[in-house]
Amino acid sequence: MEALIFLDYLALAVMLSFWLLYDRYAEYRSSKGSRSLIDIANSMRAHWIHNFMQSKSQNRIVDAQMVNILHRGISFFVSITIFIIGGLIAILNSGDAILLVLHKLPFYAENIEQTWSVKVIFMIVVFVVAFFRLTWSLRQSQYYAVAISGAPCIEFNVKKNYELVEKIANLMSDSSKNFNNALRSYYFGLSIMAWFVHPIAFIISSIVVVWVIYRREFHSETLIMLDEINHTYNQFSEDRKFPE
């Protein structure tokens, strides 16, 4: 840590501030009813649970396949994260070839050799955080799979029994929230790569990551299309007005 200069500490503080504050900001926007990808997806999950519990059919193959797709997506990232952490540990003390490449760049930090281990360790920490978030999301996906399997497959009045629909949908939303937070950890973890070149590049990459995440979650074309789809779903739900 002694080899770090002021710019290194500043860049690291900027990244950590953006990472932690953006998570709080996204939750705050969600609590205030702002339209976001997460909120729209949560509403659509409620529609999903509502529809299969209203169905008189005993066939839940499609629902089981959907749960399996969600589960496999999380499992894939769990496996990839283990490989990333293992790779970072492997290059912790064997980054000579990478250092030679960095030295050929027109702009690079002069203390790069002295701070190499520190920067790699910070990357490992970020991806370990992502791993814990992903594994908890994976466990939650198993729990909501059981909840969906045990849900009553009879037509009933959703106005009187919506509490059950809401609890299952919230369980799925919690899993999705942890998965989404893990992906944010990925984004900020990858931004640390710019730190190996120069602290200023690290600051710029952190700003770019926040901007990209913000645009995708609150102002993307995908959000607009999903919002329109969810609004149409609401029009078909005569017994309850789902949140938009």
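A residue counts as buried when its relative accessible area is under 20%, as exposed when over 50% and as partly exposed in between, with a 1.4 Å probe and protein chains only; by that rule, buried residues make up 42% of the 244 residues in the protein chain. The model is a predicted one, in which local features need pLDDT of at least 70 and side-chain atom pairs count only at pLDDT 80 or more, while totals for chains, interfaces and linings use all residues. Residues are numbered from 1 along each chain as its sequence is written, and side-chain values use heavy atoms, with hydrogens and water left out.

The secondary structure comprises eight helices and zero strands, where helices (H or I, at least four residues) and strands (E, at least two) are DSSP runs numbered from the N terminus.

The axes of helix H1 (residues 6-31) and helix H7 (residues 199-218) come within 8 Å and cross at roughly 10°, the axes being lines fitted to C-alpha atoms over the stretch in contact and the angles running from 0 to 180 degrees between N-to-C directions. H1 is therefore roughly parallel to H7, a term for angles under 35 degrees. Where the two helices meet (contact means heavy atoms within 4.5 Å), the residues from H1 include Leu 7, Phe 18 and Arg 29, and those from H7 include Ile 203, Tyr 214 and Glu 217.

The residues of this contact divide by class as follows (Ala, Val, Leu, Ile, Met, Phe, Trp, Tyr, Cys and Pro count as nonpolar, Asp, Glu, Lys and Arg as charged, and the others, Gly among them, as polar).

| Class | Residues in the contact of H1 with H7 |
|---|---|
| Nonpolar | 19 residues |
| Polar | one residue |

Notes
Angles under 35 degrees count as roughly parallel, over 145 as roughly antiparallel, 65 to 115 as roughly perpendicular and the rest as oblique.
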